[in-house]
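User: I would like to take a close look at the charged side chains of this model and at how they pair with one another. Please explain them step by step, and then turn to the aromatic rings.

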Amino acid sequence: MRFLRSGKPHTMRRFLLPLIVLAIVIGIFYHAVNTVSESTTAKQKEALRNAVDSGVTYCYSIEGSYPDDIQYLEDNYGLTYDHEKFFVGYRLQGSNIRPDITIIDLEGGGPVHE
């Protein structure tokens, strides 16, 4: 009788440990996916910032004035971006004063100002 054990504590431990390990693995995976997603969005925002800046500068160098709005860059200088993911605020202050540009990540990030 001394060596006989009840099956319940051993069985419960047998199932509890893999569940804990699984929960930890899922947590690590979730964190890794979020980190990669945030990094990708930040890189997309920076690429958009560079594209808008280049388009504005190129337009000014060719035409002698800054574009009236972002749509002008899209129509005439090939600027493209995901309108559902990013908002590009563009405020023209004068034909010879660099415009104020704000990029907002509509899926959760903060604005990036020039």
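**Salt bridges and aromatic pairs**

Analyst: Arg-98 has a relative accessible area of 27% and is therefore partly exposed. This value, like the others below, is computed from a predicted model.

Arg-98 takes part in a salt bridge with Asp-53, in which the closest N and O atoms are 3.7 Å apart. Asp-53 belongs to helix H1, whereas Arg-98 sits in the loop between strand E1 (86–91) and strand E2 (100–105), so this pair ties together parts that are 45 residues apart in sequence. Asp-53 has a relative accessible area of 18%, and it is buried because the limit for that class is under 20%.

Asp-53 also meets the side chain of Arg-49 in a salt bridge, at 3.4 Å from N to O. Here both residues, Asp-53 and Arg-49, lie in helix H1, 4 residues apart, which is about one turn of the helix. Arg-49 is buried, with a relative accessible area of 6%.

In general, side chains of opposite charge can pair when their charged atoms come close. The whole structure contains 4 salt bridges. Another one of them joins Lys-85 to Glu-107, with the closest N and O atoms 3.5 Å apart. Lys-85 lies in the loop between H2 and E1, and Glu-107 in the loop between E2 and strand E3 (111–113), so the bridge ties together parts that are 22 residues apart in sequence. The two partners fall into separate classes: Lys-85 is buried, with a relative accessible area of 13%, whereas Glu-107 counts as exposed at 57% relative accessibility.

The aromatic rings come next. The count comes to 3 aromatic pairs. One of them is formed by Tyr-58 and Tyr-77, an edge-to-face pair with 5.8 Å from centre to centre and 85° between the planes. Tyr-58 is in helix H1 (residues 7–63) and Tyr-77 in helix H2 (residues 70–77), so the pair ties together parts that are 19 residues apart in sequence. Tyr-58 counts as partly exposed at 47% relative accessibility, and Tyr-77 counts as partly exposed at 23%.

The rings of Tyr-60 and Tyr-66 have their centres 4.3 Å apart and their planes at 20°, so this pair is stacked. Tyr-60 counts as partly exposed at 30% relative accessibility, while Tyr-66 counts as buried at 11%. Finally, Tyr-58, Tyr-72 and Tyr-77 form one aromatic cluster.

Key. Residues numbered from 1 in each chain as written. Predicted model: local features only at pLDDT ≥ 70, side-chain atom pairs only at ≥ 80, totals over all residues. Heavy atoms only, no water. Phe/Tyr/Trp six-rings, centres within 6.5 Å; stacked < 30°, edge-to-face > 60°. Helix = DSSP H or I, 4+ residues; strand = E, 2+ residues; numbered from the N terminus. Buried < 20%, exposed > 50% of the residue type's maximum accessible area, 1.4 Å probe, protein only.
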